[in-house]
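Subject: Structure for your review

Hello,

Please find the structure we discussed below. My notes on it follow.

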Amino acid sequence: MENLSLQDLPPAGGPNHVQPPPGGPPQLPPQELAWLTEASTVRTSTEKLVLVLRDGRKLIGVLRSWDQFANLVLQDTIERTFVQDVYSDIVRGIYLVRGENVLLLGEIDLDKDDYIPEQFRKVSAEEAHAMKVKEAKEKQHTDKAKAKKLHSLGFEVEHTGEILF
Amino acid sequence: MLFFSFFKTLVDHEVTVELKNDISIKGTLKSVDQFLNIKLDDIQVVEELKYPHLSSVKNVFIRGSVVRYVHLPGAAVDTALLEDATRREAASQASKPR
């Protein structure tokens, strides 16, 4: 098991943590750490992460707290949208994310921090959003045509009705 | 629980995880839990330019429910043993009273 000290957590603790009484031990007893299964959590509470949500949004922020459901608190969060060859950042601030919406969590390598491949050009949030909406509409259209064609051949399309990016 | 145990034997091997949103991520399997959530280290995204948001990421946690396939290193899998274990698990489950 990795180092599971919660010493450096902020005093507020995680969304489901009860703050210990004043003067109480600063660390949780081992049985309360049992939920920290090896794969389900991230090690420390000051890592910069990229978080991909179930609806396809990408959030970049500093992980401050989490629990066994992958409920997360992110600080200084930005939302980054990539469309075709452009991207945009929107400053969002603090996020509390319910675990079921988490699709993927990636720790950002501080050596390559904020590296964006050269071919991507920064645009305004509105511009990126408009492009995203347009792209989504086109995709919906082609997906529908594909599904129809597949259906006529006797295939059922995967995860219909489920939003997945 | 069979596949949980199976994946645990593959820790530290290089695997490629294909997600339901078509991203394929190659990396060293670092850990896996009962939900088959997966942690990968030293990742590399296949078709990186299509998924630029992962370009500065070195390790990932992937929720088990979004995984479509895990591509395994053939040499690390004892197929006969796995088949055997699968049969045994199925047999033990069939004999269990419901």
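**Helix H1 of chain B**

The buried residues of H1(B) pack against E2, strand E5 (67–71) and helix H2 (79–95) of chain B. Those buried residues are Leu2(B), Phe4(B), Phe6(B) and Phe7(B). Buried here means under 20% relative accessible area, with exposed over 50% and partly exposed in between (1.4 Å probe, protein chains only). Helices (H or I, at least four residues) and strands (E, at least two) are DSSP runs, numbered from the N terminus.

**Basis**

This is a predicted model, in which local features need pLDDT of at least 70 and side-chain atom pairs count only at pLDDT 80 or more, while totals for chains, interfaces and linings use all residues. Residues are numbered from 1 along each chain as its sequence is written, chains are lettered from A and ligands numbered from 1 in the order in which they are written, and side-chain values use heavy atoms, leaving out hydrogens and water.

Beyond its neighbours within four places in sequence, Ile62(B) is in contact (heavy atoms within 4.5 Å) with residues of both chains, among them Leu103(A), Leu104(A), Leu19(B) and Val67(B).

**Interface**

The contact takes 24 residues from chain B and 32 residues from chain A. The buried area (accessible area, 1.4 Å probe, that two parts lose on being put together, summed over both) is about 2,500 Å², of which carbon and sulfur atoms give 59%. His53(B), Ser56(B) and Phe61(B) supply 25% of the area that chain B buries against chain A, more than any other three residues.

The rule finds one salt bridge across this interface, where a salt bridge is a side-chain nitrogen of Lys or Arg within 4 Å of a carboxyl oxygen of Asp or Glu. The side chains of Lys58(B) and Glu107(A) meet in a salt bridge, at 3.9 Å from N to O. On the side of chain B that touches chain A, E2 and E4 of chain B each give two or more residues, and E4(B) has the largest share, with six.

Regards
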